[in-house]
Amino acid sequence: MTIPESYAGQPVIELERDGVHYTLLGTAHVSKASVEAVLAAIDSGRFDAVAVELDEQRHKALTQPEAMAQLDLVKVIREKKVAPFAANLALAAYQRRLAEQMGIEPGAELKAAATEAVVRGLPLQLIDRDVGITFRRILQGLRWWDRMKLTSGVVASLFSHDDVSADDIERLKEGDMLEASFGEFAQQTPTLFATLIDERDQYMAAKLRERSDGARHVLAVVGAGHLKGMARYLAESREPTATVTERLLTLRKKRSIPWITLTLLALVFGGIGWGYYHGGRDLGRDLLLQWVAWTCGLTAVGALLAGANPLSLLAGTLAAPFKPFRPGLPSGMFSALAEVRLRKPAYPDFLALRDDAQTLGGWYRNRVTRVVLVFMLTNLGTIAGEWMAGARILGKLVG
């Protein structure tokens, strides 16, 4: 392995593995010098393949902004991918703020590498892990409180009009967009850092090794923060590439027994049954009405706060009392599906997503982001209603 002092001012690591010469070019995601270095490297004619730190979704977002208009929102809702979609919108809004502040689109060097490779007829490999899987593995690895801190931090930063901090810009110069997007939280949480950086180092190194197009000189354009880790795994890992990628794409299955749901059912409906048995029909009916009133009422409040269509609000509200009997089908799903059909997003809504996602008013104005709001706030209302109903029912029984 050789480490030249610079490559057009950018850090580079070169190594050989299994007869292939790899040049790992480390870039800063907010640097015009990185764009120039990438173009100079590809134009040198030294390479017969190019790999970039992008997954298919981020590649389309960079190179085909209009592709977002083909998004099937109904499929996103039914496949329970609303949370990763919302996280992507937050990332896009953060990137737009950076572009306005720095005068260059974050990831411009990755876009330049992908575009130039196609122009020159070079094979292009997208080696990063799907960003949705990365987000979901992050959430699975965090404790409940850390999830709340992360979510609240992302939401707060989404609507912030302050300039991006100097520390975040320095992290971007060192080289990873996703890490910088989570700010200090990524540095303070080892599990999050491992998922954002180390796992992706392993994944991208494995994807480079599994090339099947016969390339012998490969240029890999990656954030400078991935350079050393990728080089180490590329040179030293003996684990089969298929095993590595399968392991790092696997999402932990949810518990087969939903203990929280079962406990809530036991407390609430056990209490209602006890009320009927010991307090008579009036007490039992009163407890049941408490459950229906609180779950329906706060679900409706959540949908109302999201600006849902009245029929969308009704769909979520009617579904709310029955949520414990259909785990995995939250009331927000019914509201969001109704919202999509009643206020179908138009082409301009998709084109305006990156701008509208930067402001709270934009989230309500844009029909795409409003569907996300309807999904999340309706669910939040249902959860609040369940807890309030449970507390009132237990209070009546104890009192």
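Residues are termed buried when their relative accessible area is under 20%, exposed when it is over 50%, and partly exposed in between, with a 1.4 Å probe and protein chains only. The structure is a predicted model in which local features need pLDDT of at least 70 and side-chain atom pairs count only at pLDDT 80 or more, while totals for chains, interfaces and linings use all residues. Residues are numbered from 1 along each chain as its sequence is written, and side-chain values use heavy atoms, with hydrogens and water left out.

**View 1. Buried residues of helix H13.** Helix H13 covers residues 241-249, and its buried residues are Thr241, Val244, Thr245 and Leu248. Viewed down the axis of H13, these buried residues fall within an arc of 90°, so they line one face of the helix. The arc is taken over the directions from the helix axis to the C-beta atoms. Helices (H or I, at least four residues) and strands (E, at least two) are DSSP runs numbered from the N terminus.

**View 2. The whole chain.** The secondary structure comprises 20 helices and five strands. Of the 399 residues of the chain, 50% count as buried. Among contacts in the chain with a separation of 6 or more, 76% are accounted for by residues 24 or more positions apart. Contact here means heavy atoms within 4.5 Å.

**View 3. Packing of helices H1 and H5.** Two packed helices are described by the angle between their axes and the distance between the axes. H1 and H5 pack at an angle of about 20°, and their axes are 8 Å apart. Axes are lines fitted to C-alpha atoms, for helices over the stretch in contact, and angles run from 0 to 180 degrees between N-to-C directions. Angles under 35 degrees count as roughly parallel, over 145 as roughly antiparallel, 65 to 115 as roughly perpendicular, and the rest as oblique. The crossing of H1 and H5 is right-handed; a crossing has this hand if the near helix is turned clockwise from the far one by less than a right angle, and is left-handed if anticlockwise. H1 contributes Ser34, Val35, Val38, Leu39, Ile42 and Asp43 to the contact, and H5 contributes Ala108, Glu109, Ala112, Ala113, Glu116 and Ala117. These residues divide into eight nonpolar, one polar and three charged. Ala, Val, Leu, Ile, Met, Phe, Trp, Tyr, Cys and Pro count as nonpolar, Asp, Glu, Lys and Arg as charged, and the others, Gly among them, as polar.

**View 4. Surroundings of Ser34.** Ser34 belongs to helix H1, residues 32-43. Ser34 is buried, with a relative accessible area of 0%. Not counting residues up to four places away in sequence, Ser34 touches Gln10, Thr27, Ala28 and Glu109.

**View 5. Crossing of helices H2 and H5.** Helix H2 (residues 56-63) and helix H5 (residues 108-119) have axes that come within 10 Å and cross at roughly 90°. The two helices, H2 and H5, are therefore roughly perpendicular to each other. Arg58, His59, Leu62 and Thr63 in H2 meet Leu110, Lys111, Ala114 and Thr115 in H5. The contact of H2 with H5 holds three nonpolar, three polar and two charged residues.

**View 6. Packing of helices H15 and H16.** Helix H15 (residues 310-319) packs against helix H16 (residues 331-342) at an angle of about 160°, with the axes 8 Å apart. H15 is thus roughly antiparallel to H16. Their crossing, that of H15 and H16, is right-handed. On H15 the contact is made by Leu311, Ser312, Ala315, Gly316 and Ala319, and on H16 by Ser331, Phe334, Ser335, Ala338, Glu339 and Leu342. Six of the residues in the contact of H15 with H16 are nonpolar, four polar and one charged.

**View 7. Lys81 and Arg136.** Lys81 occupies the loop between helix H3 (73-78) and helix H4 (82-102). Lys81 is partly exposed, at a relative accessible area of 36%. Leaving aside neighbours within four places in sequence, Lys81 is in contact with Val76 and Arg136. Lys81 and Arg136 are 55 residues apart along the chain, and their C-alpha atoms are separated by 9.5 Å.

**View 8. The loop at Asp18.** Asp18 is placed in the loop between strand S1 (12-17) and strand S2 (20-27). Asp18 is exposed, with a relative accessible area of 63%. Phi of Asp18 is near 55°, a positive value in a residue other than glycine.
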